[in-house]
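The sequence and structure are shown first.

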Amino acid sequence: MKIIVPATSANLGAGFDSIGIAVNLYLTVEILGISNSWYIEHDLGENIPTDERNLLLTTLTEVLSVKNVVLSEKYHLKMTSEIPLARGLGSSSSVIIAGIELANQLAQLNLTIDDKLELATQIEGHPDNVAPALLGNLVIATTSNHHTDAVCAQFPASKLLAFVPNYELKTMDSRKVLPEQLTYKEAVSASSIANVLTANLLTGDLLSAGKIMERDRFHEPYRANLVPELAILRKIGRAHGAYGTYLSGAGPTIMMLCADEVLSVLTEQIHQDKQLTGQLYSLEIDKIGLKTEH
Ligand SMILES: Nc1ncnc2c1ncn2[C@@H]1O[C@H](COP(=O)(O)OP(=O)(O)O)[C@@H](O)[C@H]1O
Ligand SMILES: N[C@@H](CCOP(=O)(O)O)C(=O)O
């Protein structure tokens, strides 16, 4: 059995902690067989555990404990991932979704999509990565009182250029620079910007969505110093016809949305800029989300 989960790009500027998209880079977990102890075969580096300490298995354990189930066997697994770690493309959320599905399959829990979403949001803390990783496409979601409401919709036709800088930024560290509070006036203004962004996305108006996503007041102004590449790429995007540019998740990846016609000029400009060191990915929206193959 194989579990396949897409990467995600959260926030889209003003949709902080509530809007995300699934993109076509994948985490794959395969069950190779029963084993004396849990073992995850992977080549993701020394910092990623191969035993029960791995996020995949801590998630599995948490789900089994919530459901009051004990597995009689341990397994040898193989994990491969195209998703860069700690770069703002939802690597941790993809593992959480895979861990929930692994528990679901191994313990035959018959979890519904809603059950999986509740569990994932409880574990991750916010729904903007786990919801699109589970459902695919564009998801707008909110969590309160242990319940998540999620709306999944078609993302307007667009090319996605993800610039992934050559350094990690842990979500936890990037959240530390955010303010404890906003004034009432600031909160109303920031949420009105997010509301218009959502309306533009749902009506397929990417030209307007791209402009307003750059006016976020919830997180980008505070994180801009951590990721100097955001200002550079935004300038390139504006000069060469991108719809909009935003900090993907907690960064440091920067996502640019653009039409097919300007993709090559944007790619060339980014490659030519000597201040930018990192990898550039041309991505598509993943429309499916979590997949399990038997
Ligand atoms: N395949 C994986 N297996 C186990 N842990 C992982 C895996 N991918 C990511 N993680 C954990 O998640 C952390 C990154 O999560 P986070 O800081 O939220 O960044 P992001 O989710 O944006 O990539 C990694 O440092 C690692 O601890
Ligand atoms: N809304 C969260 C999203 C974190 O996404 P990640 O891909 O960086 O884990 C935030 O902005 O902190």
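## Basis of the model

The model is predicted; local features need pLDDT of at least 70, side-chain atom pairs count only at pLDDT 80 or more, and totals for chains, interfaces and linings use all residues. Residues are numbered from 1 along each chain as its sequence is written, while chains are lettered from A and ligands numbered from 1 in the order in which they are written.

## Overall architecture

The protein contains 10 helices and 11 strands, taken as DSSP runs numbered from the N terminus (helices: H or I, at least four residues; strands: E, at least two). Its C-alpha trace spans about 60 × 40 × 35 Å along the principal axes. The radius of gyration is 19 Å, which agrees with the value near 19 Å for a compact globule of 294 residues; this radius is taken over C-alpha atoms, and the globule rule is 2.2 Å times the number of residues to the power 0.38.

Of the 294 residues, 46% are buried, that is, they have 20 or more other C-beta atoms within 10 Å of their own, with C-beta atoms placed from the backbone. Among contacts (C-beta atoms within 7 Å) between residues at least 6 apart in sequence, 73% join residues at least 24 apart.

## The annotated loop

An unreviewed UniProt entry places the feature "binding site" at Pro84, Leu85, Ala86, Arg87, Gly88, Leu89, Gly90, Ser91, Ser92, Ser93 and Ser94. Such annotations may be inferred rather than shown by experiment.

Arg87 lies in the loop between strand E4 (74-81) and helix H2 (91-106). Arg87 counts as buried because it has 24 C-beta neighbours inside 10 Å. Beyond four places in sequence, its contacts are Val164, Glu168, Pro252 and Thr253.

Gly90 also belongs to the loop between E4 and H2, and its 34 C-beta neighbours inside 10 Å make it buried. Residues up to four places away aside, Gly90 touches Ala7, Thr8, Ala10, Ile83, Asn129, Ala133 and Gly249.

Technical notes:
Buried ≥ 20, exposed ≤ 12 C-beta atoms within 10 Å, placed from the backbone. Contact = placed C-beta atoms within 7 Å.
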